[in-house]
Amino acid sequence: MKKSIALISVFAVLMIAFSGCVGDNNSADDNGTEQDNSGTSITDGTAADISEIENLPAGFEYVGSLPLNETDIKNDYNAENVSGIVGGSEGMYRYNGSDFYLDVIELEDAEAANNLIGAYKSSFPPLQNGSRFVEESFNGHSAVRITDYITSSGKSVPRYSYIWSNENYVLVVFGNTADSTQVRQLAEATGY
């Protein structure tokens, strides 16, 4: 009888201990409100790893990657005054005869990432008609779609890019197409 009571007691203690280890995985901030964990965070990997998308949308082809150094990034993103740039990588893709790029820029912290995005956005003059910057959501986060115009065959045609941050990384997807849905497809395929 004593063995049965001891065994039941051990079982009860184990069940109580186990129940404390299993939860709903919702974290709360200091105010007791739930944080938004719906976006995928970048925890492991390098900029080069991230710039090579594993699950490409149908029709996209990975061409290769090139490293980006601090000077390249500062020049390309009008970020001369941004500190904390670690480095980056540019993934190159093809779809239906168009070229697409995924720049992954690593910075020291999230604040530096936000500063880089701010510096880049400030390099664009306002559009005469419409909005140059449009916030969109995918993969559990907000991104900014940027509309720019180039002259092709004597006509003004749009070019689109998406820029967003994830922790201390900035991701930028752009292509030489007037179809923003193709650029967004590649941006969504990052998973970040």
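The predictor's confidence in each residue is called pLDDT and runs from 0 to 100. For this protein the mean pLDDT is 83, and 78% of the residues reach 70 or more. This is a predicted model, in which local features need pLDDT of at least 70 and side-chain atom pairs count only at pLDDT 80 or more, while totals for chains, interfaces and linings use all residues. Residues are numbered from 1 along each chain as its sequence is written, and side-chain values use heavy atoms, with hydrogens and water left out.

Over residues 1–38 the pLDDT stays under 50, and for this stretch the model has 13 contacts beyond four places in sequence, a contact being heavy atoms within 4.5 Å.

A pair of aromatic rings is described by the distance of the centres and the angle of the planes. Here rings of Phe, Tyr and Trp (its six-membered ring) pair if their centres lie within 6.5 Å, and planes under 30 degrees apart count as stacked, over 60 as edge-to-face and the rest as tilted. By this rule there are nine aromatic pairs. In one of them, F60 and Y95 are stacked, at 4.6 Å centre to centre with 20 degrees between the planes. This pair links distant parts of the chain, since F60 lies in the loop between α2 (47–51) and β1 (61–68) and Y95 in strand β2 (residues 85–95), 35 residues apart; helices (H or I, at least four residues) and strands (E, at least two) are DSSP runs, numbered from the N terminus. Both F60 and Y95 are buried, where buried means under 20% relative accessible area, exposed over 50% and partly exposed in between (1.4 Å probe, protein chains only).

G59 is found in that loop between α2 and β1, but with 55% relative accessibility G59 counts as exposed. Leaving aside neighbours within four places in sequence, G59 is in contact with R94 and Y95, and the C-alpha atoms of G59 and Y95 are 5.8 Å apart in space although the two residues are 36 apart in sequence.

What holds W164 in its surroundings can be read from its contacts, which, beyond four places in sequence, include F138, H141, L171, A187 and Y192. Of the 22 residues in the largest nonpolar core, W164 and L171 touch the most other members, a nonpolar core being a set of buried Ala, Val, Leu, Ile, Met, Phe, Trp, Tyr and Cys residues joined through side-chain atoms within 4.5 Å. At least two residues of this core come from each of α2, β2, β3 (98–107), β6, β7 (169–175) and α5 (180–189). A second, separate core of 20 residues includes Y77, A79, F124 and V172.

Y77 and F124 also belong, with Y120 and F133, to one aromatic cluster. Over the ring of F133 sits the charged end of K121, 5.2 Å from the ring centre; this term requires NZ of Lys or CZ of Arg within 6 Å of the ring centre and within 35 degrees of the ring normal.

Two loop residues remain, and each has a positive phi in a residue other than glycine. N78, in the loop between α3 (70–76) and β2, has phi near 50 degrees, a positive value, and is partly exposed at 31% relative accessible area. E167, in the loop between β6 and β7, has phi near 55 degrees, likewise positive, and is partly exposed at 35%.
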